[in-house]
Amino acid sequence: MKKETNVTLVTVAVFVATFMTAVEGTIVTTAMPTIVGSLHGIEIMNWVFSIYLLTNAMLTPIYGKLADKIGRKPIFILGTILFIIGSALCGFSNTMLTLIISRAIQGMGAGAMMPVALTIIGDLYDKEKRARVLGLNSTAWGIASVVGPLAGGIIVDTIGWHWIFFINVPIGIILIILIWLYLVEEKISQQQKKMDIFGSLSLMGLLLALLLAFQFLGDEGLSLKVIILAVITITTGILFVYAEKRATDPVISLQLFTQPLFVVVNLVAALASGFLIGVDVYIPMWMQGVLGLSAGIGGLVLAPLSLLWMVGSFLAGRWMATIPVKRVLLRGGIITLIGALCLVFIPQHTNWLWFFVISTILGIGLGAVTVTCTVSAQSSVSPEQMGVATSFNTLARTIGQTIMVSVFGILLNSITAAKLQGVTVANKRDIMNQLVNPQTAKLLADDLQATLRGVLFASLHGVYVAGALLIVVAVVLTLFLKKSDTM
């Protein structure tokens, strides 16, 4: 009797994998002050996060191609093994440098786990059910945002920070067992062609240079380092296109970019994710710096976004069953735009409870948009290319977030600097750092505190004007789709 995939257990494994990679960011953030105190490396602390994202993004499209060539199961297991090894090495790290190297290995594993997990869902479910399952899967990020800081604090306070990494090892082993035993794949029937090594290397170089350029741009502004990285990005981009045109089995077929649906949904995904990072980063700053509330409130007002994301995903699944993708994306985009415009026009002294309403609107809109983009990217290609399409969609979102977090940072800093010119304070940078911490903000004089809150509000207003423009562009791009372009 032919063995079949146990859909329920494999889906559970995918959910656990998503949660494990999602919680990694929030739990490490909570533990970082303790880790820095233990390993003495505050000057290179940011690289603990950056290197994870870089190696993740660099390898995502490569894993997607390999998943199409040799199967989802071996690539998912490979990624999980790398993630386990990286986690164990992080736990054993006794210097900041070894921790950063270990995080790089962790990121290499996560780069396979997430896109391949989404591809597995694409294989197991039809279009409407897939949107619902992806919605449930997305709630793992919301749960992680709540559980991560709490679990991180408990683990650090009881058994030590090393265990925030060690805990991934047994969970990862269980994942490997579930996928190994219960995911049954048909043997890949397509003719095995030579791997596109030159294309893969040039793509990795392109992504590394691009993401580093924007990271340094956000940290240092326009510098020689950023210009050199920009030149490397352009050069490797040209080499990548050259390689893909000549490859017998390109890592990312350039033919995909002749399909309007594939191009538009990935651009919309990048823009929506760029806007999302602005919400995640700057609404807590608004709560603390503008309204003077606690960090807990800053995280709390984002909870509806994570929870209502699932509702948006379910709605998208229902809509896609009856109306064209163009209309689904427009509905999600318009709902998101309403939330974005609320952030643009909301007054400075608005009660913080209104942010629950805004967060709810954004959760529904972004949930609908993101899931529709993922399902559409998968459905716009043949089954043999689903791994590449899914990984590229994941990569588009990562690039959108990486670029926009730097752009928003530059925008915030430039507006703040301009507004502070009329304010007489000793150290303008430190004074804003003092303002956004509710504990140190109490030490400021009341009149100065009020002035600085107005400065920060103006800066955040500029960020959200830019964010709203991203959603406007996403809606306009959707209008270019024709009925013939949709599934």
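Is Arg-72 buried or exposed? In this predicted model, Arg-72 is buried, with a relative accessible area of 8%. Its partner is Asp-123, and the closest N and O atoms of this salt bridge are 2.7 Å apart. Arg-72 belongs to helix H3 (residues 72-92) and Asp-123 to helix H4 (residues 96-124), so the pair ties together parts that are 51 residues apart in sequence. Asp-123, at 40% relative accessibility, counts as partly exposed. The count of salt bridges comes to one.

In one of them, the ring centres of Trp-286 and Phe-457 are 5.6 Å apart and the planes stand at 80°, so the pair is edge-to-face. Because Trp-286 lies in helix H10 (residues 260-290) and Phe-457 in helix H18 (residues 446-479), this pair ties together parts that are 171 residues apart in sequence. Trp-286 is buried at a relative accessible area of 1%, and Phe-457 also counts as buried, at 16%. Both rings belong to an aromatic cluster that includes Phe-355 and Tyr-464.

Charged groups meet rings as well. The charged end of Lys-73 sits over the ring of Trp-180, 5.7 Å from its centre, while that of Arg-103 sits over the ring of Tyr-52, 4.4 Å from its centre.

Finally, Thr-233 is part of helix H9 (residues 224-246) and counts as buried at 14% relative accessibility. Its side chain reaches the backbone oxygen of Leu-229 at 2.8 Å. Leaving aside residues up to four places away in sequence, Thr-233 touches Leu-206, Ala-209 and Leu-210.

Note on methods
Residues numbered from 1 in each chain as written. Predicted model: local features only at pLDDT ≥ 70, side-chain atom pairs only at ≥ 80, totals over all residues. Heavy atoms only, no water. Helix = DSSP H or I, 4+ residues; strand = E, 2+ residues; numbered from the N terminus. Buried < 20%, exposed > 50% of the residue type's maximum accessible area, 1.4 Å probe, protein only. Polar contact = N/O pair within 3.5 Å; in protein donor to acceptor, adjacent residues only side chain to side chain. Contact = heavy atoms within 4.5 Å. Salt bridge = Lys/Arg side-chain N within 4 Å of Asp/Glu carboxyl O. Phe/Tyr/Trp six-rings, centres within 6.5 Å; stacked < 30°, edge-to-face > 60°. Lys NZ or Arg CZ within 6 Å of the ring centre and 35° of its normal.
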